[in-house]
Amino acid sequence: MVDGVERTSIDEIDPNTIERISVLKNQSSTAVYGSRGKNGVIVVTTKGAAKPAADEAVFDEKTGSVEIASASTEDMPFLIVEKMPSFRGGDLNDFRAWVQEHLQYPAEAVERNIQGRVVVTFTIEKEGSASNILVLQSPDKLLADEARRVIASSPAGAWTPGEQRGEKVRVKYTLPVDFRLPQTESATVQGAPDGNEPFLVTEKMPSFRSGEIKDFRNWIQMHIQYPAEAMKNNIQGRVIVSFIVEKDGSVSNILVLQSPDKLLADEARRVIASSPAGAWTPGEQRGEKVRVKYTLPVDFYLQGSGDKLSERPEKPQGSLDGILVVGYGATSK
């Protein structure tokens with residue numbers, strides 16, 4: 001593992017860039033990395049990466065937990081304390097929800113069809129800051145960097161530190177972050193999805209207000225707005241959103257796959273979520289109602305920006321016709 005990313009070899013790494021190397025073995029390696037670590041794990045941290053809070057993972061046979069053994073035991077972070085840290089007055093679940101809201105799927109990872117689980121550890125310090133953000137596992141550096149970025153961006157003052165015996169202490173958390181891409185069209189066409197997985201193409205596609213899918217596109221076009229702050233800051237670009245029309249006609253699983261900025265992502269998500277209750281008639285396959293997934297590209301374009309509409313990227317395969325939202329930016333010089 002090099003800076004949290006699995007590699008088949010470390011031969012290509014410049015030795016001068018290596019900060020430290022740790023070797024995990026036996027139960028220490030399998031506890032942290034699962035069956036993939038059964039033969040041991042070499043953990044390499046380069047000088048430019050986030051520094052771990054300790055030197056070696058150790059498996060506790062009595063508790064079944066993994067602890068990190070440091071070269072110095074002074075001020076080691078706790079895993080469990082009498083009063084755990086709180087995020088904005090809530091618990092770790094509130095922080096998970098905050099991470100989910102602010103996480104963005106890296107555009108390059110979408111293009112390269114990269115997905116999987118990123119496991120991150122971090123420490124809540126005595127003053128409430130988040131530090132020592134370390135990626136333990138990731139299928140690719142793109143996903144690792146995004147998970148690390150969003151945790152590091154947690155608002156100052158949002159955390160209330162943990163306490164042990166009335167004193168503020170450091171507490172370490174481990175957070176799994178799953179990146180999942182929509183099912184590809186080719187996989188769906190070849191056969192029905194497993195279990196309750198949504199279709200992309202069905203015998204009878206969902207309808208919006210008894211019309212075709214273009215009626216929903218037209219409804220979006222009428223109700224979407226260019227965020228004033230985005231226009232003020234000359235923010236534009238393509239947002240790609242996926243959503244599911246459920247068996248009961250409701251809209252769920254609204255996921256932003258790509259966006260140049262949170263302001264545009266939030267507006268695209270808002271307008272899809274606000275589609276009228278009861279407007280959708282669900283899709284059907286072999287006479288049964290099924291879940292159907294759509295992908296919708298939304299282009300936010302500023303007049304006077306100097307960019308050409310003809311240079312907009314092609315829409316993703318299997319997606320709806322795109323939405324164009326025009327705003328007024330600063331005139332280019």
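Start by selecting E125 and R170: their side chains meet in a salt bridge, with N to O at 2.8 Å. The term here means a side-chain nitrogen of Lys or Arg within 4 Å of a carboxyl oxygen of Asp or Glu. The pair links distant parts of the chain, 45 residues apart: E125 sits in the loop between β6 (116-124) and β7 (130-137), and R170 in the loop between β10 (167-169) and β11 (171-179). Helices (H or I, at least four residues) and strands (E, at least two) are DSSP runs, numbered from the N terminus.

Before you click on, note that this is a predicted model, where local features need pLDDT of at least 70 and side-chain atom pairs count only at pLDDT 80 or more, while totals for chains, interfaces and linings use all residues. Residues are numbered from 1 along each chain as its sequence is written, and side-chain values use heavy atoms, with hydrogens and water left out.

Now colour that first pair by accessibility. E125 counts as buried because its relative accessibility is 14%, and R170 is buried too, at 12% relative accessible area. The cut-offs are under 20% for buried and over 50% for exposed, with partly exposed in between (1.4 Å probe, protein chains only).

Next, select strand β13, residues 237-245. Eight of its nine residues are buried. On one pairing, nine bridges join β13 to strand β18 (residues 292-303), and the two run antiparallel; strands count as paired if DSSP finds at least two bridges between them. Look for V239, which stands opposite V298 in β18. Then show the side chains of R238 and D299: they form a salt bridge, with the closest N and O atoms 2.8 Å apart. This pair also links distant parts of the chain, R238 in β13 and D299 in β18, 61 residues apart. Both D299 and R238 are buried.

Last stop: helix α8, residues 262-273. E267 and R270 both lie in this helix, three residues apart, about one turn. What joins E267 to R270? A salt bridge, with the closest N and O atoms 2.7 Å apart. E267 is buried at 10% relative accessible area, whereas R270 is partly exposed at 37%. Then select E101, K262, D266 and R269, which salt bridges with shared partners join into one network.
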